[in-house]
Amino acid sequence: MLSQPPSAPQSPRPFGVGIDTSRYGHFAAFLRDDLQPAADDLLFVESADGYARLRQRFDQIVRKHGVCHFVVRLDAAGQYADNLRHFLQQLADSAGASPGCPAFTLSLSCGDPQRNKNYRAALFGTKKSDAIEARAAARFALTERPTADIPMSLELRALRQVAGRLQAVVRQRTRLINQLHHLVALAFPELALVVKDLAAGWVLELLHRFPSATRLAEASENAVAEIAYLPEAQITPLLQHARSSVASLRGAIVEELVRDQVRQLRDVNARQKRLEKLLVSAYQMLPQQNHLATIPGIGEVTAAVLTAFILNIERFESPGKLVAYFGILPIEVSSGVDRDGQPRGPKRFVMSRRGNDLVRRYLWMAALSAIRFNPAVRALYARVVAKHPNHKAIAVGHAMRKLMHLVWAIWKTGRPFVADYYPWDVPSHVGVADNGMSPQKQSAGHKQTAEPARKVVTADCPDIVADAEPIGEGTAIDFAHIKQQLPLVRVLDHLGLLSRLRGTGAQRRGTCPIHRADARGKTFSVNLDEQVFQCFAKDCGAKGDVIDLWSHVNGMSLREAAVDLVQTFHLEPVAKRGTEKRNG
């Protein structure tokens with residue numbers, strides 16, 4: 001007698017599960033593959049007993065229909081679905097693991113509320129209830145088969161929570177600054193003519209001590225000069241404006257309002273700093289590092305913010321997708337149409353308003369830093385400024401976009417940023433023919449001795465760079481060209497002085513590195529915009545530019561200091577002359 005062949009394993013039957021989430025409980029609907037109810041709707045609370053009831057409903061459907069595959073779709077309302085997503089993910093991982101437990105598979109997707117709302121309106125019209133929301137989500141899961149969400153690790157979930165709190169605090173800080181502007185416009189409107197940033201530390205201290213133009217007008221120069229980090233050049237203009245102010249509000253009431261606004265702003269500043277430190281701690285605890293903080297210009301806070309909102313770089317097929325996701329791109333702006341059907345007004349381009357506002361804020365600050373310290377961004381910025389000398393904001397936008405390209409490449413390859421990896425100062429289309437190299441022969445960044453594990457970003461260019469000429473006593477030195485290449489902040493950072501200086505703007509003060517070594521006193525002042533320093537101590541009095549500072553600190557003559565700077569920071573001793581175009 002012939003034995004019967006083993007029966008083929010039964011393919012799982014799909015079931016759609018739609019769950020409408022809320023703060024205290026959730027509503028679930030269950031549909032078969034023919035879009036008919038597979039079980040009664042279930043209302044369960046946000047608790048262990050409620051989740052146990054949901055698990056029992058899954059088990060009942062499996063015992064009735066056999067092997068099942070549940071396609072779960074959540075209509076996520078805010079953060080109310082986080083615990084439910086975690087529970088369902090654990091359920092999917094442990095289904096059928098224990099003996100006697102019904103076996104099933106489960107895929108989970110969390111929908112955008114607006115998209116789910118539009119789908120529900122197309123099916124059920126204006127009807128709206130928890131049951132209808134859940135049934136629409138279950139139907140969407142069966143008919144559309146959305147891509148399952150990638151589960152997030154516990155560390156990444158914690159990082160995202162901190163980033164969300166930081167975003168709320170930054171928005172609150174912006175609102176408080178706007179409210180302070182409105183108050184100051186009534187109590188001391190001329191302050192905006194003297195000060196650009198009302199949130200600066202010394203400005204807040206000024207408003208706390210003298211919350212109105214009347215109070216400031218009564219103060220002496222010595223009293224105003226006692227405010228830490230207040231630029232001395234600002235004292236006289238402030239007093240003059242206060243004594244001739246056109247303020248329309250005065251008195252104890254408005255003064256207390258200004259002081260209260262200052263207290264709130266100081267408190268939110270402190271909260272932002274605490275959350276930034278917590279965000280960095282959460283970023284450092286991630287099981288796998290993405291090396292974003294190695295990109296010059298992107299500090300640990302910016303790297304943590306980017307990681308929290310990117311989540312997984314595999315979501316983006318190309319750097320262009322990442323740029324578009326955060327809206328780091330220009331859009332054309334023109335208003336109206338004339339009689340001939342042509343756009344009216346000048347055509348201009350502005351930065352898109354798409355994307356996450358927290359990412360854009362920190363990325364803007366990162367771009368300003370990268371313009372100075374990142375060789376890739378610095379070269380791009382110089383080229384764009386040469387084309388648009390009167391619109392440097394356009395160049396900053398290009399710098400932000402370049403940083404996003406670097407983020408994509410570094411995260412994809414899993415390798416830290418290397419500054420001299422590529423001759424950034426030379427565009428990829430320059431010099432290829434002169435060096436006899438073709439794009440097929442040379443691709444910057446990776447030698448083709450082995451196949452890479454992942455795709456990497458490459459740029460065609462020659463890797464042949466002429467060696468720098470040795471610097472000696474007879475070498476010509478152009479002091480102005482050296483100062484143009486080397487910002488003062490870079491030298492301060494190299495000497496370990498930048499972190500010891502106090503202040504948030506261009507004006508910083510701290511201990512003089514020339515005549516004091518005990519970290520006492522604040523006689524040393526630098527202006528990062530004007531690239532100068534000065535010590536106000538009578539027994540020192542040193543002042544000058546970056547070459548003077550290097551000379552004083554290292555005990556060198558000016559020429560020795562200039563030569564040493566060229567060698568230390570790999571600068572050009574003199575400007576290279578470009579080729580001249582002759583007519584005829």
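## Briefing on a predicted protein model

Arg 57 has its place in helix H1, which covers residues 48–65; helices here are DSSP runs of H or I with at least four residues, strands are runs of E with at least two, and both are numbered from the N terminus. The model is a predicted one, in which local features need pLDDT of at least 70 and side-chain atom pairs count only at pLDDT 80 or more, while totals for chains, interfaces and linings use all residues. Residues are numbered from 1 along each chain as its sequence is written, and side-chain values use heavy atoms, with hydrogens and water left out.

**The protein as a whole**

- The secondary structure of the protein amounts to 20 helices and 11 strands.
- Of the protein's 584 residues, 39% count as buried, where buried means under 20% relative accessible area, exposed means over 50%, and partly exposed lies in between, with a 1.4 Å probe and protein chains only.
- When contacts between residues at least 6 apart in sequence are considered, 61% of them join residues at least 24 apart; a contact means heavy atoms within 4.5 Å.

**Surroundings of Arg 57**

- At 15% relative accessibility, Arg 57 counts as buried.
- Leaving aside residues up to four places away in sequence, Arg 57 touches Phe 30, Ala 39, Asp 40, Asp 41 and Leu 42.
- Between Arg 57 and Asp 41 there are 9.6 Å from C-alpha to C-alpha, and the two are 16 residues apart in sequence.

**Helix H11 with helix H12**

- Two packed helices are described by the angle between their axes and the distance between the axes.
- Helix H11 (residues 252–284) and helix H12 (residues 300–310) have axes that come within 9 Å and cross at roughly 65°; axes are lines fitted to C-alpha atoms, for helices over the stretch in contact, and angles run from 0 to 180 degrees between N-to-C directions.
- H11 and H12 are therefore roughly perpendicular to each other, a term that covers 65 to 115 degrees, whereas angles under 35 count as roughly parallel, over 145 as roughly antiparallel and the rest as oblique.
- On the H11 side the contact is made by Glu 276, Leu 279, Val 280, Tyr 283 and Gln 284, and on the H12 side by Glu 300, Val 301, Ala 303, Ala 304, Val 305 and Thr 307.
- By class, these residues of H11 and H12 are 7 nonpolar, 2 polar and 2 charged; Ala, Val, Leu, Ile, Met, Phe, Trp, Tyr, Cys and Pro count as nonpolar, Asp, Glu, Lys and Arg as charged, and the others, Gly among them, as polar.

**Helix H13 with helix H16**

- Helix H13 (residues 319–326) packs against helix H16 (residues 392–413) at an angle of about 130°, with their axes 9 Å apart, which makes H13 oblique to H16.
- The crossing of H13 and H16 is right-handed.
- Pro 319, Leu 322, Val 323 and Phe 326 of H13 meet Arg 401, Met 404, His 405, Val 407 and Trp 408 of H16, and the contact has 7 nonpolar, 1 polar and 1 charged residues.

**Helix H14 with helix H15**

- Helix H14 (residues 357–373) and helix H15 (residues 375–387) pack with their axes 6 Å apart and at an angle of about 90°, so H14 is roughly perpendicular to H15.
- Ala 370, Ile 371, Arg 372 and Phe 373 of H14 make this contact with Pro 375, Val 377, Arg 378 and Tyr 381 of H15, a set of residues that divides into 6 nonpolar, no polar and 2 charged.

**Residues with a positive phi**

- Most residues other than glycine have a negative phi, and most peptide bonds are trans.
- Leu 311 is not a glycine, yet has a positive phi of about 70°; Leu 311 is found in the loop between H12 and H13 and is partly exposed, with a relative accessible area of 22%.
- Gln 531, also not a glycine, has a positive phi of about 60°; Gln 531 has its place in the loop between strand S9 (524–527) and strand S10 (532–535) and counts as partly exposed at 23% relative accessibility.

Conventions. A crossing is left-handed if the near helix is turned anticlockwise from the far one by less than a right angle, and right-handed if clockwise.
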